[in-house]
Amino acid sequence: MEEKKFKRITVTSALPYANGGVHIGHLAGVYVPADIYVRYLRLKKQHVMFIGGSDEHGVPVTIRARKEGITTQEVVDRYHNLIKSSFEKFGISFDVYSRTTSKIHHKFASDFFKTLNDNGKLEEITEEQYCDEVTGEFLTDSNIIGKCTRWGAEGA
């Protein structure tokens, strides 16, 4: 079987939430292996782009902002810069390290899902979710305590 040769290669990795610093588990489990692979491809003279960024959306960011009594924008600005700086200090060789709040990310993500939707690849469904009665925000599984619906354990 003939090996397929690609002209360009894009490598990306998990996006760390911009709610705290990078720790050794992040580095060892995700970023160092991806960086090694990218460096290997570069040594083989492959045209490769290593792209990453901070995930500035989601519950972890909201929780951190609420805990610190500041806005989510203040949280993501601080931690995006800290994370980016940490990767640079560890020598992780991103070609582009951006953030999910950037205009280009919003446009790309919107265009991507619009194309899927326009081609009938997405299905719209309605489902019930647990909600905080005080704030009106949806709750994650880790914020719900009660009787396990599968095993019946109390306090799950």
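Q: In this predicted model, is Val 75 buried or exposed?
A: Let's start in helix α3, where Val 75 lies. Its relative accessible area is 0%, and the cut-off for buried is under 20%. Val 75 therefore counts as buried.

Q: Which side chain makes a polar contact with the side chain of His 80?
A: His 80 is also found in helix α3, residues 72-90. It counts as buried because its relative accessibility is 5%, where the cut-off is under 20%. Beyond its neighbours within four places in sequence, His 80 is in contact with Ala 18, Ser 54, Glu 56, Tyr 97, Ser 98 and Arg 99. The polar contact, at 2.9 Å, is with the side chain of Ser 54.

Q: Where in helix α1 does the kink lie?
A: Helix α1 covers residues 24-43 and includes the proline Pro 33. The kink of about 40° comes shortly before that proline. The residue to look at is Tyr 31.

Q: Which element supplies the largest share of the lining of the largest pocket?
A: This pocket holds about 540 Å³ of space. Of its 17 lining residues, the closest to the centre are Thr 12, Ile 51, Gly 52, His 105 and Phe 108. At least two lining residues come from each of β1, β2, β3 (96-99) and α4 (103-118). The largest share, six residues, comes from α4.

Q: How many disulfides does a search of the whole structure find?
A: A disulfide is a covalent bond between the sulfur atoms of two cysteines. Cys 131 counts as partly exposed, at 36% relative accessibility, and Cys 148 is partly exposed too, with a relative accessible area of 21%. For disulfides, the search of the whole structure gives a count of zero.

Methods: Residues numbered from 1 in each chain as written. Predicted model: local features only at pLDDT ≥ 70, side-chain atom pairs only at ≥ 80, totals over all residues. Heavy atoms only, no water. Helix = DSSP H or I, 4+ residues; strand = E, 2+ residues; numbered from the N terminus. Buried < 20%, exposed > 50% of the residue type's maximum accessible area, 1.4 Å probe, protein only. Polar contact = N/O pair within 3.5 Å; in protein donor to acceptor, adjacent residues only side chain to side chain. Contact = heavy atoms within 4.5 Å. Disulfide = S-S within 2.5 Å. Bend = angle between axes of the 7 residues up to and from the residue. 1 Å grid on protein atoms, 1.4 Å probe; cavity = no way out; pocket = protein on both sides within 12 Å on 5 of 7 lines; lining within 4 Å. Points joined across faces, edges and corners; volume = space filled by probe spheres on them.
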